Amino acid sequence: MKVIQSWDDGLVSDIRLIEILRRHQAKATFCLNPGLYQENRSFGWIHENREVWRLSIHELVDVYHGFEICSHSMTHPYLTDLPVDQLYWELQTSRHILENIFQKPVLGFCYPFNAYNDFIKDAVCSAGYKWARGNQHLKGVYPPGDPLEFHPCCHFLDQDFWGKYDRQKKRNNVFFFWGHSYELIDETMWENFERMIDRISSDPEAEWDFVADLFV
Ligand SMILES: [Zn+2]
């Protein structure tokens, strides 16, 4: 079974998450908003009484070295609310900037707030993306009916995470989970997360993969 994980928004807490992933040789895909990173780390919002900070633009290459990058748009708007020229800016410019920063093709897109429709999907395709994800939780994730609607099986904090994992393994399908590193709010959660990654990495029937490898 292939295992895919995808993390959103490009946050300072990704640094700790990535240390864990590296310790267990886990692959992962990170969905970034290049229009939101500044010269220095910047305050994003409050989650569970804790400040969520974005990485600085200068840290991105080092932090995400060796991981898959996909675009999450320039500024994380509801794409369905945008005039066409702004929509293309969100889609195309974000891809170009990320390709410039990371010096590699950016083939994937993640819909902010899971907001999309057929028009948005066409625009994502014209902007050069080969696959796109939202966050609906589906049973049979792979192959998706449409690579521009490649949705995960579950969120990483799903109560039935291991049940879904085992079901996908039985089918020898793909297990795909997603989340945000800022949702790890205390030491117990971080320890549980490391245990989860270790358990997958130690499973002889599981193999980490990047999303692009499923579609190329
Ligand atoms: Zn997001």
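This is a predicted model: local features need pLDDT of at least 70, side-chain atom pairs count only at pLDDT 80 or more; totals for chains, interfaces and linings use all residues.
Biologist: What makes Asp9, His72 and His76 the protein donors of the zinc ion?

Modeller: Asp9 (OD), His72 (NE2) and His76 (NE2) lie 2.1 to 2.3 Å from the zinc ion. A donor is an N, O or S atom within 2.8 Å of the metal, so these atoms qualify. Water is not among the atoms, so the site may look incomplete.

Biologist: How are the donor residues of the zinc ion spaced in sequence?

Modeller: The spacing is D-x62-H-x3-H. Aspartate 9 sits in the loop between β1 and α1, and histidine 72 in the loop between β5 (68–71) and α3 (84–102). They are 63 residues apart, and the pair links distant parts of the chain.

Biologist: Why are aspartate 9 and histidine 72 called buried?

Modeller: Buried means under 20% relative accessible area. Aspartate 9 has 7%, so the label applies. Histidine 72 has 2% and therefore counts as buried too.

Biologist: Where is serine 73, and what does it contact beyond its neighbours in sequence?

Modeller: Serine 73 is in the loop between β5 and α3. Leaving aside neighbours within four places in sequence, serine 73 is in contact with Leu32, Asn33, Pro34, Leu79, Glu90, Ser94, Phe109 and Pro112. Its relative accessible area is 0%, so serine 73 is buried.

Biologist: What makes the buried residues of α4 one face of the helix?

Modeller: The buried residues of α4 (residues 118–126) are Ile120, Lys121, Ala123 and Val124. Seen down the axis, they fall within an arc of 160°, so they line one face. They pack against α3, β6 (108–110) and β7 (131–133). Asp118 and Asp122 are exposed, on the face turned away from the buried side.

Biologist: What makes the phi of glutamine 103 worth a remark, and is the residue buried or exposed?

Modeller: Phi of glutamine 103 is near 55°, a positive value in a residue other than glycine. Glutamine 103 lies in the loop between α3 and β6. Exposed means over 50% relative accessible area. At 64%, glutamine 103 therefore counts as exposed.

Biologist: Why is asparagine 114 called buried?

Modeller: The cut-off for buried is under 20%, and asparagine 114 has 17%, so it counts as buried. Asparagine 114 is in the loop between β6 and α4. Its phi is positive, about 55°, although it is not a glycine. Asparagine 172, which follows α5, also has a positive phi, near 50°.

Biologist: What lines the largest pocket, and which element supplies the largest share?

Modeller: The largest pocket has a volume of about 290 Å³. It is lined by 13 residues, and Phe156, Trp162, Asn192, Phe193 and Met196 lie nearest its centre. The largest share, six residues, comes from α6. By class, the lining has eight nonpolar, two polar and three charged residues.

Biologist: What lines the second largest pocket?

Modeller: The second largest pocket has a volume of about 180 Å³. Of the 13 residues that line it, Ser13, Arg50, Glu51, Tyr182 and Leu184 are the closest to its centre. Two or more residues each come from α1 (13–23) and β4 (50–54). β4 gives the most, with four residues. The lining divides into seven nonpolar, three polar and three charged residues.

Notes: Residues are numbered from 1 along each chain as its sequence is written. Side-chain values use heavy atoms; hydrogens and water are left out. On a 1 Å grid over the protein atoms alone, a cavity is a set of points where a 1.4 Å probe fits but cannot get out, and a pocket is an open set with protein on both sides within 12 Å along at least five of seven lines; lining residues have an atom within 4 Å of a point. Grid points are joined across faces, edges and corners, and a volume is the space filled by probe spheres set on the points. Ala, Val, Leu, Ile, Met, Phe, Trp, Tyr, Cys and Pro count as nonpolar, Asp, Glu, Lys and Arg as charged, and the others, Gly among them, as polar. Donors are N, O and S atoms within 2.8 Å of the metal (3.2 Å for Na, K and Ca); water is not among the atoms, so sites may look incomplete. Buried means under 20% relative accessible area, exposed over 50%, partly exposed in between (1.4 Å probe, protein chains only). Contact means heavy atoms within 4.5 Å. The arc is that of the directions from the helix axis to the C-beta atoms.
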